[in-house]
Amino acid sequence: MTGSSKISAITIAVFATLLVACTSAVPILNAQEERVTLLIHFEANDRGLEEFSEIMSGVSAAMQTEPGFVSAVVYYDVDDPNTFVLAEVWETKRDHLAHFDRRVASGEWARINGLLRSEPEMGYFIGQASAE
């Protein structure tokens, strides 16, 4: 398995675990108005790693006052210190999109992107707990 394949497999495994942990057994009818889990895969560049790590360590505390924010967990890759997965739970996708628009308008998102190797991969997820 190549390094890239290994990272992809690990990312998928983390996403699957988070989906089960962060969702209810109730079917979702309208994703825009239901609780969502946002998963973001970041790869910090070597130059920006220290600053990006500091941002990630304070993300949950910094977000507490954001409307619709529920929780955040940062996952650190055990084999690559530059790789992070951020899992944020929001009351609705709209709440996150409003937050994201504010970050873009303030220039904060551009600053974060300057610390990365490439644009982060992001996705919104809803789901159901599987029956055992």
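**Pocket and charged pairs**

Modeller: In this predicted model, the largest pocket has a lining of 20 residues, and those nearest its centre are Val-59, Met-63, His-99, Arg-103 and Glu-108. Two or more lining residues come from each of β1 (36-43), α2, α3 (59-63), β3 (83-90), α4 (93-106) and α5 (108-113).

Colleague: Which element gives the most residues to the lining of the largest pocket?

Modeller: The space in the largest pocket comes to about 350 Å³, and its lining residues divide into 13 nonpolar, 3 polar and 4 charged. With 4 residues, the element that gives the most to this lining is α4.

Colleague: Is Glu-66, which forms a salt bridge with Arg-103, buried or exposed?

Modeller: Arg-103 and Glu-66 form a salt bridge in which the closest N and O atoms are 3.8 Å apart. The pair links distant parts of the chain, with Arg-103 in helix α4 and Glu-66 in the loop between α3 and β2 (69-76), 37 residues apart. Arg-103 has a relative accessible area of 23% and is partly exposed. Because buried means under 20% relative accessible area, the 13% of Glu-66 makes this residue buried.

Colleague: How many residues apart in sequence are the parts that Arg-35 and Glu-91 tie together?

Modeller: The structure holds 7 salt bridges, and one of them joins Arg-35 to Glu-91, with the closest N and O atoms 2.5 Å apart. Arg-35 lies in the loop between α1 (3-21) and β1, whereas Glu-91 lies in the loop between β3 and α4, so the parts that the pair ties together are separated in sequence by 56 residues.

Colleague: With the side chain of which residue does the side chain of Glu-51 make a polar contact?

Modeller: Glu-51 lies in helix α2 (residues 49-57) and counts as partly exposed at 35% relative accessibility. Leaving aside residues up to four places away in sequence, Glu-51 touches Arg-111 and Leu-115, and the C-alpha atoms of Glu-51 and Leu-115 are separated by 7.7 Å. The side-chain polar contact of Glu-51, at 2.5 Å, is with Arg-111.

Definitions and conventions. Residues are numbered from 1 along each chain as its sequence is written. This is a predicted model: local features need pLDDT of at least 70, side-chain atom pairs count only at pLDDT 80 or more; totals for chains, interfaces and linings use all residues. Side-chain values use heavy atoms; hydrogens and water are left out. Buried means under 20% relative accessible area, exposed over 50%, partly exposed in between (1.4 Å probe, protein chains only). Contact means heavy atoms within 4.5 Å. A polar contact is a pair of N or O atoms within 3.5 Å; within protein, one must be able to donate a hydrogen and the other to accept it, and residues adjacent in sequence count only if both atoms are side-chain atoms. On a 1 Å grid over the protein atoms alone, a cavity is a set of points where a 1.4 Å probe fits but cannot get out, and a pocket is an open set with protein on both sides within 12 Å along at least five of seven lines; lining residues have an atom within 4 Å of a point. Grid points are joined across faces, edges and corners, and a volume is the space filled by probe spheres set on the points. Ala, Val, Leu, Ile, Met, Phe, Trp, Tyr, Cys and Pro count as nonpolar, Asp, Glu, Lys and Arg as charged, and the others, Gly among them, as polar. A salt bridge is a side-chain nitrogen of Lys or Arg within 4 Å of a carboxyl oxygen of Asp or Glu.
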